[in-house]
Amino acid sequence: MATEKTDVVIVGVGAAGGILAAELGKAGMKVIGLERGPRLTTQDFNPHDELRYFQRQDLRPNIKRQPITWRPKADARANPMPVQNYGNQAGGGTVHYGAVSWRFHEDDFRARSQTIERYGASAIPADSSLADWPMSYADLEPYYDRAEYDLGVSGKAGNLEGRKVAGGNVFEAPRRREFPLPPLLVDQTGVVFDAATKKLGYHPFSTPRAILSEAYKGRPGCTYCGFCQAFGCHIGAKSSILVTALPEADATGNFKLVTGAMCYRVNSDNSGRVTGVAYYGPDGSDNTIEAELVILTPFIYDNTRLLLLSKTEIFPNGLANSSGEVGKHLMAHMMPNVYVAFDDRHMNNYMGPSAQKHTIDDFNADNFDHAGLGFIRGSQISVGTGNLQGGPISLTTTMPPPGTPRWGATYRDFLAKYYARHAAMVAQTENLPYVDQTIDLDPNVRDAWGLPAPRLTYDWRRPTELARVEFMMKKMEEIGRAMGATHVWRAPLGPGAPGAHHEGGTRMGSDPKTSVVNRYGQSWDVPNLFVIGSSTFPSMSGFNPTLTIQALAYMSADAIVNRYKKSPGPLL
Amino acid sequence: MSKYDEARRAFLIGAAVGAGAVAGKGLVADAFAQTHPQHGPAEAPATTAHAHGPGHGAFLNDDDAATVAAFAERLMPGAPGKPGARDAGVLNYIDLALSGAYADQQDFYRRGLAALDAYCRKTHNATFVRLAAAQQDEVITALEQGKAGGFTWPSAQAFFNTVRTHTMEGMFADPLYGGNKDFAGWRLIGFPGAQPAFSSEDMQSKDAFTRAPIIGLQAQAPIRRG
């Protein structure tokens, strides 16, 4: 058993933890990062192999060693989920993600107020815990800008300081300047999507992505090989934490990364302060780190799990949980898909970055009138590949058009004809928070370290969520027909289990009685404990969360370096 | 086919210098090379995957191998100009996977195959491999729909879904894993493999991509060493 002392310990070195390691290290703070998985390098991602990375999920958590259980409701049995989509290595999910990098809309930060002002309080489902963020878009804008320029994001502005710019996303919140890099090249799915959505009066654009369209900061531009979502980038053109923040953290000389480290408790003393963490090393050793500041930045399940596992006499309901809110308001994007296939042209959608290539934002957030629709909020609608990955195995995991069987000569001929002639649209619907959608400790299932597995209680199939999904399905079918596709068909919806991009569990707010952390991710109960990531989102938006996680990390780092470091204590 | 000769040469060179060139895949590839020499340069008849013939030997016994090969062939049947499961070596893929990455599913297959033959005997008085293609399709449909009796664990649907998934993997995973022989699956559907780059012109094209040879893992390995 080893004991080390440091200024800061960061648990989970992914989208948020990597940025915090670099920024705090630059400020002269001694930082130790604990990472459950390995630290891979760019050369580890060559060669590309769909079976290994997509189908067998090589960059994801091993579900047998690290089970997560799910049940649709509190009186149902929880079973381990078959697939996990988050990352399991230094850099976290940014290593294998599709690199879609959105700024949230202004009204995403005040969804509750916006809804009440426009439609009345009754428009919010009575059982939803929808809440405003304890900050505005304007508060976060400088840090979105920082993230885009530090990390490298490609796109085209649609709203420069309030001036709408054609060709970009005209629904985006105002930005102070252009993207650091021009948009990525368009492929055929983007070409037909743009033409169809323009014909329908919508506003398509190239999805902003943390993938370099040109050389930037010593890294090369994308070669459009197509092995993107589910894969690590073999040339480092994807702006993952592995090739951006981690080298910066290394360069400070103040950062040490411990891989294979499973943190199982945050230690605290009788004064109510945290004193560090305990973790199992890769050799099974039981180790302690004593730190002035503890920052939790793993995937959302482990924030809740660690706080619940760290209960003491002073914190009987779990650390930082005097509000009783830890583990509540779990959210996830549902991903309804509509497929299109063409007789008269190829799409070759295995080319180019594979996730959400071009997008319309017309039906996201409160960008459209919801009166009479039976739901609030919305979804981005994007075109690209099914499963966000364009290889052939990926297509075989999806349903062919109605009337085409999943096997036999007809299916063989379907694959032969349409593999290179199909595309998929996806709507990432914003699902509302509910107090009974939760993460807690599974009493029956344990992981490879003997710790109780995180247990999710969640079922998205509520009336307002179903109405939103159905609306988006119809929009995507409308777009598919406007494309002139020979076949347009829906993918079947899954069971009620959470989809992608999980949020919630350690909600931020402005009231210590109803939230776990403040806007900086600082625990209301324990001022030297921070929780930073999508677990703090009070609402989720219809956009992918990563750039917002990263902007929050820059904002918290700024507050820690410029305020907390000089005067440790509550920032608010 | 000639446009793919270069890729095939690269594939063969990669195979000849030994699978150890591909880090992390050495064991799979070694087993592949030692147990399945028929997947070398010579065009071995792909339809001979049967008892004592090529196509299995790592895990499946002769009877089970014949059943898996017949089942997979109904899921992805071959036809002139349209390679199917036998042509692609799906049996070889599944056999290697069950002796390696999917070793935890050995009993799933043993029990599933036993239940399949029990069901076929009961309904058709013969084992699966002895049924006519149309009868085999009837049986597979009953499995897919969960209507085939006698299955406990795995369930009929679970068994169907798993064999289907593994058949698709054997058709479309890289040839390094023992299926997709000579890129049969990728040729069938027009997938060019792991191309290092696509140009703006490639992405502007509405036509099939034929500019470059198919690139598999064995061809990528020398690029990486260089």
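Predicted model: local features only at pLDDT ≥ 70, side-chain atom pairs only at ≥ 80, totals over all residues.
Trainee: Which way do its residues point?
Mentor: A:Val31, A:Gly33 and A:Glu35 point one way from E2(A), while A:Ile32 and A:Leu34 point the other way. Residues on both sides are buried. As background, side chains in a regular strand alternate between the two faces of the sheet.

Trainee: Which strand pairs with E2(A) in the parallel sense over four bridges?
Mentor: That is strand E1 of chain A, residues 3-11. Within this pairing, A:Ile10 stands opposite A:Gly33 of E2(A). Between E1(A) and E2(A) the chain passes through helix H1 of chain A, residues 17-26, and this β-α-β crossover is right-handed.

Trainee: How many bridges join E2(A) to strand E8 of chain A?
Mentor: Five bridges join E2(A) to E8(A), residues 255-259, and the two strands run parallel. A:Glu35 has A:Thr259 of E8(A) opposite it.

Trainee: How many bridges does E7(A) form with strand E14 of chain A?
Mentor: E7(A) pairs with E14(A), residues 358-360, over two bridges in the antiparallel sense. A:Ser206 has A:His358 in E14(A) as its bridge partner.

Trainee: Now the backbone. What kind of peptide bond joins A:Asn46 and A:Pro47?
Mentor: The bond between A:Asn46 and A:Pro47 is cis, with omega of about 5 degrees. A:Pro47 belongs to the loop between E2 and helix H2 (50-55) of chain A. In chain B, a cis peptide bond joins B:Trp153 and B:Pro154, with omega of about -5 degrees. B:Pro154 is in the loop between helix H7 (133-144) and helix H8 (156-172) of chain B.

Trainee: What is the phi of A:Ala320, and where is this residue?
Mentor: A:Ala320 has a positive phi of about 60 degrees although it is not a glycine. It is in the loop between helix H7 (300-309) and strand E12 (331-333) of chain A.

Trainee: Why is A:Ala320 classed as buried?
Mentor: A:Ala320 is buried because 28 other C-beta atoms lie within 10 Å, and the cut-off is 20 or more.

Trainee: And what about A:Leu388: what is its phi, and is it buried or exposed?
Mentor: A:Leu388 has a positive phi of about 60 degrees, although it is not a glycine. A:Leu388 counts as buried because it has 24 C-beta neighbours inside 10 Å. Its loop runs between strand E15 (379-384) and helix H8 (392-396) of chain A.

Trainee: On to the two chains together. How many residues are in contact between chain A and chain B?
Mentor: On the side of chain A, 34 residues are in contact with 38 residues of chain B. The elements of chain A that give two or more residues to this side are H2, H8 and helix H9 (409-418). H9(A) gives the most, with four residues. By class, the side of chain A that touches chain B has 17 nonpolar, 10 polar and seven charged residues.

Trainee: How many helices and strands does chain B have?
Mentor: Chain B has 11 helices and zero strands. Buried residues make up 46% of its 226 residues. Among contacts in chain B between residues at least 6 apart in sequence, 59% join residues at least 24 apart.

Trainee: Consider helix H3 of chain B. Why is it described as largely enclosed?
Mentor: H3(B) is largely enclosed by the rest of the structure because 12 of its 14 residues are buried. Among them are B:Asp64, B:Val68, B:Phe71 and B:Leu75.

Trainee: Which helices do these buried residues pack against?
Mentor: The buried residues of H3(B) pack against helix H4 (85-88), helix H5 (90-99), helix H6 (106-124), H7 and H8 of chain B.

Trainee: Finally, what span should H3(B) have?
Mentor: At 1.5 Å a residue, the 14 residues of H3(B), residues 62-75, should span 20 Å. The end C-alpha atoms are 20 Å apart, which agrees.

Conventions
Residues numbered from 1 in each chain as written. Chains lettered and ligands numbered in written order. Pairing = 2+ DSSP bridges. Right-handed = clockwise from strand over helix to strand, strands pointing away. Contact = placed C-beta atoms within 7 Å. Nonpolar A, V, L, I, M, F, W, Y, C, P; charged D, E, K, R; others polar. Expected span 1.5 Å × (residues − 1).
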